[in-house]
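Hi,

Here is the structure I promised to send over. Have a look at it first, and then read on for what turned up inside.

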Amino acid sequence: MGDRRTSNHSELTDFILVGFRVHPELYILLFLLFLLVYAMVLLGNVGMMAIIMTDPRLNTPMYFFLGNLSFVDLFYSSVIAPKAMINFWSESKSISFAGCVTQLFLFALFIVTEGFLLAAMAYDRFIAICNPLLYSVQMSTHLCMQLVAGSYFCGCISSVLLTSVTFTLSFCASRAIDHFYCDYRPLQRISCSDLYIHKTVSFFLCSIIILPTIIVIIVSYMYIVSTVLKIRSTEGRKKAFSTCSSHLGVVSVLYGAVIFMYFIPDRFPELSKVASLCYTLVTPMLNPLIYSLRNKDVKEALRKILGKRNIFI
């Protein structure tokens, strides 16, 4: 009897992650695709952190932020990808209530932190290009530490609030979450609670997280573009734009997918899953590639490390 009660309790508290609605034979292909992308995420971000930590020339504010960005990318993709890959082989596709809470909390923590880090990086580029003579004074080690700590703090507070609001809902109907990880909008769909207040609070949270960071990024780049256009030499303009173009590329992919996911009405679950892939796996995979391929300092540091290894071999 005790075992049966435990089993029934488990069934009541577990969720089902439906994942992608495709033919079962395609699960192998999806598993291999996820595995390949996740392997590139691990290799790229661990490699980027190792390069930044081992090369003294990269001991600058820009690379300090970039190292933290790689750390965040590595962890929030790791919150999502392993469970998604396991579910491709699992018949039950279940996730415990505690596992779902943890996944939503950690994902929200790291994705919000990334948004604030990108805003800090935009501010760093603004100071570097618009006030180069004061850069070392204004972007002090103390300020950089404060900006990174503030990013994690905002991520933590936002995550606590969003997770608390989401799991005060009642889930008395289906336990099947039409997504490949626990996110608050798919959880809303299976709730039988009145969602008006919850949706209002969730929208307010997303707005106060996303809008300020977008404003900082847009204003910073307006000043950057204005300053760069005043540079007379073509070489100088090209160098300044190449420094910022990689950051703008990352921002565009991440915020485009996030805005589609959280601000557009939730009418197309399958498109939402594709948009989610952009910021859960694609962006963490592309970040190290974009920043390394378009950055001479990182490429030189990588050649230096590879050269040392060749000597030892």
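Let me start with the second largest cavity, which has a volume of about 90 Å³. A word on terms: on a 1 Å grid over the protein atoms alone, a cavity is a set of points where a 1.4 Å probe fits but cannot get out, and lining residues have an atom within 4 Å of a point. Points are joined across faces, edges and corners, and the volume is the space filled by probe spheres set on them.

Before going further, note that this is a predicted model, where local features need pLDDT of at least 70 and side-chain atom pairs count only at pLDDT 80 or more, while totals for chains, interfaces and linings use all residues. Numbering runs from 1 along each chain as its sequence is written, and side-chain values use heavy atoms, with hydrogens and water left out.

Back to that second cavity: its lining includes Leu17, Phe20, Tyr27, Phe88, Lys93 and His179. Helix 3 (residues 61-89) gives the most to it, with three residues; helices (H or I, at least four residues) and strands (E, at least two) are DSSP runs, numbered from the N terminus. By type, the lining splits into seven nonpolar, three polar and one charged, taking Ala, Val, Leu, Ile, Met, Phe, Trp, Tyr, Cys and Pro as nonpolar, Asp, Glu, Lys and Arg as charged, and the others, Gly among them, as polar.

The count comes to three cavities of 30 Å³ or more.

On to the cysteines. There is one disulfide (a pair of cysteine sulfur atoms within 2.5 Å) in the model. Cysteine 100 and cysteine 182 form it, with their sulfur atoms 2.0 Å apart. The torsion about their S-S bond is about -120°, so the disulfide is left-handed. It links distant parts of the chain, 82 residues apart: cysteine 100 sits in helix 4, and cysteine 182 in the loop between strand 3 (176-177) and helix 7 (184-189). Both cysteine 100 and cysteine 182 are buried (under 20% relative accessible area, with exposed over 50% and partly exposed in between, 1.4 Å probe, protein chains only).

Cysteine 278 is partly exposed, with a relative accessible area of 26%.

Cheers

Conventions. On a 1 Å grid over the protein atoms alone, a cavity is a set of points where a 1.4 Å probe fits but cannot get out, and a pocket is an open set with protein on both sides within 12 Å along at least five of seven lines; lining residues have an atom within 4 Å of a point.
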